[in-house]
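User: I have a chain on screen and want a quick walk through it. Can you take my questions?

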Amino acid sequence: MPSQPTAGPWARSAPPIAFAPDEWDLLTRLPARVMIAATSAEPDSDRRTVAEGLAGIDAIAAGTVSDSDLVRAVVAAIYAEADPDPPSAEQFRDRHAGITEVLVNCRAASLVLARRADPADAAAYRQWLQHIAARVCGAARTGVFGHRVSDAETAFLADLHRALQP
C-alpha cells in the first residue's frame with residue numbers, strides 16, 4: 001500500500017462545504033467503491049485484481065495534489081479513518097448488483113455536488129472518480145491480444161461517466 005499522504009493544512013480541517021453527514025459519508029466512501037466496481041467490471045485473475053487494486057489506491061492518493069479543496073478534503077478524510085483491514089484488491093461477489101449500486105451512488109453524489117459544492121470542486125471530484133476507474137481498468141492487460149481495457153471495462157467507464165453527469 002502506498003504511503004499515506006502527509007498532513008497539510010487541510011488534513012484536520014472540516015470539509016470545505018457544509019455537507020450533511022450522510023452526504024459527506026457518500027462522498028468519502030465513493031472513491032473506494034468506484035475502485036472496487038472497476039476491478040469487478042471484468043473477471044480477472046488474483047494477480048490482475050491485485051494490480052488493479054494497487055492502481056486504484058494510488059489513484060485515490062493522487063487526490064492529495066488536486067487543485068480542488070474538496071478532493072483534498074475527501075482524501076484526508078479517507079486516510080483519517082481508522083480501518084485496521086483496508087481492502088487493497090477486492091471484487092464484488094455479485095458484479096451486476098455491486099456495480100449497479102455504485103452507479104446509483106454516483107448519481108446521488110452528482111446531485112449532492114450540484115446542490116452543495118462549488119462547480120469547479122464538483123467537476124474536479126467527478127473527474128477524480130473517473131480517473132480512479134480509468135487507472136484501475138488500465139492496470140492489467142486483459143483480452144486475447146493484450147488490450148489494455150476490455151469491452152466490459154469500457155462499458156463500465158461509459159456508464160460511470162453518464163452516472164456522474166451533473
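User: What should I know about the model before we start?

Analyst: It is a predicted model: local features need pLDDT of at least 70, side-chain atom pairs count only at pLDDT 80 or more, and totals for chains, interfaces and linings use all residues. Residues are numbered from 1 along each chain as its sequence is written, and side-chain values use heavy atoms, with hydrogens and water left out.

User: How many helices and strands are in the chain?

Analyst: Six helices and zero strands. Helices are DSSP runs of H or I with at least four residues, strands are E runs of at least two, and numbering goes from the N terminus.

User: What share of the chain is buried?

Analyst: Buried residues make up 42% of the 166 residues. Buried means under 20% relative accessible area, exposed over 50%, and partly exposed in between, with a 1.4 Å probe and protein chains only.

User: Which residues does H3 bring to H5?

Analyst: Asp69, Leu70, Val71, Val74, Val75 and Ile78. On the H5 side they meet Asp121, Ala124, Tyr125 and Trp128. Contact means heavy atoms within 4.5 Å.

User: What kinds of residues are those?

Analyst: Eight nonpolar, no polar and two charged in the contact of H3 with H5. Ala, Val, Leu, Ile, Met, Phe, Trp, Tyr, Cys and Pro count as nonpolar; Asp, Glu, Lys and Arg as charged; the others, Gly among them, as polar.

User: Where is Val71, and is it buried or exposed?

Analyst: Val71 is in helix H3. Val71 is buried, with a relative accessible area of 1%.

User: What does Val71 touch?

Analyst: Gly63, Ser66, Ala124, Tyr125 and Trp128, not counting residues up to four places away in sequence. The C-alpha atoms of Val71 and Trp128 are separated by 7.8 Å, although the two are 57 residues apart along the chain.

User: New topic. How many aromatic pairs are there?

Analyst: Two. In one of them, Tyr125 and Trp128 have ring centres 5.9 Å apart and planes at 65 degrees, so the pair is edge-to-face. Rings of Phe, Tyr and Trp (its six-membered ring) pair if their centres lie within 6.5 Å; planes under 30 degrees apart count as stacked, over 60 as edge-to-face and the rest as tilted.

User: Where do Tyr125 and Trp128 sit?

Analyst: Both lie in helix H5 (residues 119-137), three residues apart, about one turn of the helix. Tyr125 and Trp128 are both buried.
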